[in-house]
Amino acid sequence: MTVDQAAGARDTAPRSAHVPVVIVGAGPVGVTAALLLARRGVRTVVLERHHDIYPLPRAVAADDEVRRILQAAGVGDEFAAIARPARGLRLLDGQHRVMAEFPRATQGAHGFPQTSMFDQPELERLLRDALARRPECDLRTGVEVVGINVGIGVDGGQDGNGPVRVTFRRDGVEEHLWADAVLGCDGAGSLTRDAVGAGWQDLRFEERWTVVDVRTSAPVRCWEGVEQICDPDRPATFMRVGEDRYRWEFRLRDEPEPDHERLRELIAPWVDPSYGTDFEVVRQAQYTFRARIADRWRRGRVFLLGDAAHLTPPFIGQGLGAGMRDAHNLTWKLARVLQQGADERLLETYESERKPHARHAIRLAVTMGWAMTGGQDGAAALRRGVLGAAFRIPGLPAAAARDLSPALAAGPLVRRRALRRARRGGRGLVGGICPQPWVTADGWRVRLDELLGDSFAVLTAAPPSPSLRAVADGLGARTVAVAGLGDDGRLSAWLREGRADAVLLRPDRVVMDEVPSGAADFTDIAGWAPLLHSARKPLPAQQTTDTSLLRSATR
């Protein structure tokens, strides 16, 4: 194709066919990404091949960080209405004796229960209802994406620059959209993954399991948490999902899917076999649990999120959570590039930050899978005994729970100098996520993020220097003094423990830089400022609470 032909082809495309962002897949990750972009004024078209939400439950657990992401997407209260807090995780042996317990608090650092159970169709419905209320979002269902041409240049070549053409089929008619960016949230069989030329890296876990969702009012022996049965002959998982909803998962070997009678035998430790007809199997499905991660997550302006980028066994409940973290990490960066002219290199930090984090979660899940079985050889019982003894070490279960979401590794937006200082003394704050207590300002009681808005923010325990104020103004960041917020001193203590007088929070609430105790400025403005430099004036931070409250907090 000649330059003139390529230009002519674009000229003949209808103007309405160009959108800032196309999202492939309207599952929880895709719709959450659309809502997060909408809050920053970025228009999206979401393409979904199914006409309605998938009606059967899949994901059933969310941690407190995921709930904070849902809050950021504007559906925190709606999700609270359908969620059920869980007490934590127990490892049981084959005789259902407790080997170890990982308690989860009713309010974690992010301001929500550390574990919440839910029904995925209910979550998807409330997300789509929220999407329908946003004029920036256009959901198109019953369409099949058949092609993604990455970064088509004026010569027709796919050089990773320029707009992306998305071709889809609806009612037998082929159409296309031009997009400044494409988010592939289209699952394990992702067409988008093929478009970016990505392949799977196998992290060496593959097992066949059957998942059974049940509704019953019969008495069920239940701890109100998740139980992992660490038995090499029949590993299993059990949890209560809702008022009358339960899930069992059993590993299969070479046996067929359990029939009704075999299912009654498997669940007998929890439910009296005489339960009769009051036992509705909502779903019984066979899955192959795998541990994989894509070798690349991006090509040009096309990105992979969720199961398109990584697959994790479900043993620590982080499959959906990893995808939601992807959306939270990428959307603010993409919005800043598209709307404010930030450096394109900002987008490179998505994969460099999220990929090691996802790999870590997958390996934890694989380790838990190993713990459930202990292996298949003669030393399995010995290893399970050692494991049980290890988990009784004081503080280890709590430490393992914290390790589900470790601090980000050093990088362009997580300053190395600050990390080195933290390692010399104190645990350091850079790369971690700011806690979210309830705060009071101007008579209002809100969670911290509702006060801070959707942009950058500065939390300070000392009077800000003129240069710190200049940095905040340049980023469009709200500056909040932590003293007098009515949070019982939690934020002040957090800064003190991290030996910092102030921190700079990214829009995803990761600590990007800090002002060390006794200093006046952030540690390395020259390191991260070039990536965030805007060719256009920063948009005003969106207000999510009463205006007078925000004025009060920034005086």
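Good morning. The structure is a predicted model, in which local features need pLDDT of at least 70, side-chain atom pairs count only at pLDDT 80 or more, and totals for chains, interfaces and linings use all residues. Residues are numbered from 1 along each chain as its sequence is written, and side-chain values use heavy atoms, with hydrogens and water left out.

I begin with helices H2 and H5. Helices here are DSSP runs of H or I with at least four residues, numbered from the N terminus. H2 spans residues 28-38 and H5 spans residues 120-132; they pack at an angle of about 25°, with their axes 10 Å apart. The axes are lines fitted to C-alpha atoms over the stretch in contact, and angles run from 0 to 180 degrees between N-to-C directions. H2 and H5 are therefore roughly parallel to each other; angles under 35 degrees count as roughly parallel, over 145 as roughly antiparallel, 65 to 115 as roughly perpendicular and the rest as oblique.

Which residues of H2 and H5 make the contact? Contact means heavy atoms within 4.5 Å. From H2 come Pro28, Val31, Thr32, Ala34 and Leu35, and from H5 come Gln120, Leu123, Glu124, Leu127, Arg128, Ala130 and Leu131. By class, the residues of this contact are eight nonpolar, two polar and two charged. Here Ala, Val, Leu, Ile, Met, Phe, Trp, Tyr, Cys and Pro count as nonpolar, Asp, Glu, Lys and Arg as charged, and the others, Gly among them, as polar.

H2 is also mostly covered, with 11 of its 11 residues buried. Buried means under 20% relative accessible area, exposed over 50%, and partly exposed in between, with a 1.4 Å probe and protein chains only.

I turn to the second packing. H3 (residues 64-72) and H8 (residues 319-340) pack at about 45°, with their axes 10 Å apart. That angle makes H3 oblique to H8. Their contact is made by Glu65, Val66, Ile69, Leu70 and Ala72 of H3 with Gly321, Met324, Arg325 and His328 of H8.

Finally, the aromatic rings. Across the whole structure, a search finds 15 aromatic pairs. Rings of Phe, Tyr and Trp (its six-membered ring) pair if their centres lie within 6.5 Å; planes under 30 degrees apart count as stacked, over 60 as edge-to-face and the rest as tilted. Phe238 and Tyr246 form a stacked pair, 6.2 Å centre to centre with 10° between the planes. Both Phe238 and Tyr246 are buried. Ring pairs also link Phe238, Tyr246, Trp248, Phe250, Trp270 and Phe279 into a cluster.

Methods. Helix = DSSP H or I, 4+ residues; strand = E, 2+ residues; numbered from the N terminus.
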